[in-house]
Amino acid sequence: MVLSQKLLNCSLRLLKSSRPVQAQFNGISSANYYRCFGISAVNRSERRFTAKHEWVTVANGIATVGISHYAQDSLGDVVFAQLPDVGANIKQNEECGALESVKAASEVYSPVSGTVTEKNTAVEDSPGLINSSCYDKGWLFKVKLIQPAELEELMDEKKYEEFLKSDSH
Amino acid sequence: MLNMATRIVQGGFSKGQFALIPMRLQKCNTGPQVNGARNYSSSSSNDMTDNNSNDLKGVTDDSIKKSVFISQSYDVFTNLALEDWLYKNFDFSHHHLLMLWANDPCVVIGRHQNPFIEANVSNLMRKGITLARRNSGGGAVYHDRGNLNCTFFTPRERYNRKYNLNIITRALFREWGIKSDISDRDDIVISGKKISGTAAKLGQPNAYHHCTLLVNSNKLHLSDALAKDEVNIISKATSSVRSPIKNLCDVNRAVNVPQLLSAIGYEFLRTSATELEDGGRDQAMKQRGFQLINPTEKWFPGLTEIREMFASWDWRLGKTPKFTVQKELEMKAEDKEHKVLLSLDVEKGIITNITLTLPTNDVVPVVSNLLNQPYTEDSLHGMMDALKLVPSSDMKQAMSGL
């Protein structure tokens, strides 16, 4: 608990420090914006996690979202995936879909804000992909980021593993 | 038990209990704090956000109070709205809640189910049985006043289905000596027959687990309500696992809904918050007890809007995962019977495409005023009847023209 509190403080500091920098970007064209973002603390291909067990990877300003191995394991066999529609505007930490496993419907929260560009129709057809391949074929939807700085609040893989060990979630 | 019954608060909430106002709403208010609200907030008075779990770790069973809410409504949409309101707005970190409720005749399907697979929707409408879609997963159930519903609310971290089901089986044993088992599907069964079905909704920060309990439901109505139309439906929707059922009154004639309601409520109150430890009367007396709830907008601001959502066509039928209905028809042409396949695509409850597949495997689009209309069994049968009236000369033409 102490550890996660520290992590939180740490990420809060990161957030604070990133804000003024981001303000400067607002006047610059979006191409520059993403280039600047690319060299920031977040490695573009790195997988990041939320405390609600969603993961996100980013390429060219498009985030791919899924749920973690821990999440799929605790859900059990997923029998239905309800994903956000393409074109939907979603906000960070807001409910944007649901996964139904045997007898429980679990809400899916978006780890980032933006517009949905694609949903994984393969997962809609075979929800079991979420269990068998949660980081690859079992991705859920893609989002065009509007606030890339949100990613910095999320945990990297190492921190997420520590979070899993330290917390009762 | 008598003592508990006398603790029932009449007429909904008194002012002090208006603490039920959601913490989120309070934060928006700049006005004075509602009296007593602090009792329900978490000790750290933090937001109910991501780090809720950290706050929960130090919470001991002794510091968690329990209440039993008895809904005074028999309207399924109102009860589903009350359940959803509590799920969205209540802070359960120091207060666990059991909501007990019953409905007038209705069929309640799971969040991602297809009502046309689970029941005959047109038939339900004719019989005056309400169709409702709940927010949790799982299968379709029939409710009437002979069926008691129990909703157990906790923070997501303390969601524990086995604990809840054990409260019920213990209550049955303590009150009537009835022995029941919990199946691997988390149904409660007596000699292999199901008396209770379970479903759950997991979110952040809250979760609930609810289940039905058949006391003296009308079994004829139940099987009639859950009989579906004889068509082939192709769908990804969650399907129900149909199981043989039993009423508790057929196990023991003394069982009735009011007594079962107080037996389960009392068992819940006398058991400690996260462990199945019986604390007897002393433990029960420490709790907040039974409260009769009148689910109105006045006590639960925003409830009407949630109720309207549950009662809307858009939610009940429009949320149906897309599906295709197929029915094989026999048509006469050149004095021979030809089997053709009528196929309807339905998206968001609306018929988007109608085709006939001919014996030659050619697919012909059907032009009908049913296109872009809501799908029902009656509209399908109307269409089948109309197709039977198609003159054989037209059929012949259709066959030869392709």
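1. The secondary structure of chain B comes to 14 helices and 17 strands, where helices (H or I, at least four residues) and strands (E, at least two) are DSSP runs numbered from the N terminus. This is a predicted model, in which local features need pLDDT of at least 70 and side-chain atom pairs count only at pLDDT 80 or more, while totals for chains, interfaces and linings use all residues. Residues are numbered from 1 along each chain as its sequence is written, chains are lettered from A and ligands numbered from 1 in the order in which they are written, and side-chain values use heavy atoms, with hydrogens and water left out.

2. Of the 402 residues in chain B, 54% are buried; buried means under 20% relative accessible area, exposed means over 50%, and partly exposed lies in between (1.4 Å probe, protein chains only). Chain B exposes about 17900 Å², of which carbon and sulfur atoms supply 50%, the areas coming from the Shrake-Rupley method with a 1.4 Å probe, where for residues only the protein chains shown count as cover. Among its contacts (heavy atoms within 4.5 Å) between residues at least 6 apart in sequence, 73% join residues at least 24 apart.

3. Chain A has 169 residues, of which 48% count as buried, and its secondary structure comes to 6 helices and 10 strands. Of the contacts in chain A with a separation of 6 or more, 62% are between residues 24 or more positions apart.

4. Which residues touch the most other members of the largest nonpolar core? They are B:Val107, B:Val325, B:Leu342, B:Leu344 and B:Tyr375, in a core of 37 residues; a nonpolar core is a set of buried Ala, Val, Leu, Ile, Met, Phe, Trp, Tyr and Cys residues joined through side-chain atoms within 4.5 Å. Among the elements that give two or more residues to this core are strand E3 (106-109), helix H5 (115-118), strand E14 (323-333) and helix H13 (377-388) of chain B. Domain 1 (2-316) and domain 2 (323-400) of chain B both contribute residues, so the core lies between them; the domain bounds come from an automatic or database domain assignment. In soluble globular proteins, nonpolar side chains tend to be buried together.

5. Leaving aside residues up to four places away in sequence, B:Tyr375 touches a list of residues that includes B:Phe116, B:Val231, B:Phe323, B:Leu344 and B:Leu380. A second, separate core of 34 residues has B:Leu100, B:Leu172, B:Tyr266 and B:Ala284 among its members.

6. Strand E11 (residues 206-214) of chain B is mostly covered, since 9 of its 9 residues are buried. In a regular strand the side chains alternate between the two faces of the sheet. On one side of E11(B) are B:Asn206, B:Tyr208, B:His210, B:Thr212 and B:Leu214, and on the other are B:Ala207, B:His209, B:Cys211 and B:Leu213, all of them buried.

7. Which strands run alongside E11(B)? Strand E6 (residues 147-155) of chain B is joined to E11(B) by 9 bridges and runs antiparallel to it, with B:Pro155 having B:Asn206 as its bridge partner. Strand E10 (residues 198-202) of chain B is joined to E11(B) by 5 bridges, again antiparallel; two strands pair if DSSP finds at least two bridges between them. A hairpin through 3 residues connects E10(B) to E11(B), and B:Lys201 stands opposite B:Tyr208.

8. B:Lys201 also forms a salt bridge with A:Glu107, their closest N and O atoms being 3.1 Å apart; a salt bridge is a side-chain nitrogen of Lys or Arg within 4 Å of a carboxyl oxygen of Asp or Glu. B:Lys201 lies in strand E10 of chain B and A:Glu107 in strand E7 (residues 104-109) of chain A, so the pair joins two chains. Are these two residues buried or exposed? Both B:Lys201 and A:Glu107 are buried.

9. Over all chains, the structure holds 17 salt bridges. One of them links A:Asp85 with B:Lys348 (3.9 Å, N to O), and this pair crosses between chains, from the loop between strand E4 (78-82) and strand E5 (89-90) of chain A to the loop between strand E15 (336-347) and strand E16 (350-357) of chain B. A:Asp85 is partly exposed, with a relative accessible area of 40%, whereas B:Lys348 is exposed at 55%. A network of salt bridges links A:Asp85, A:Lys119, A:Glu124 and B:Lys348.
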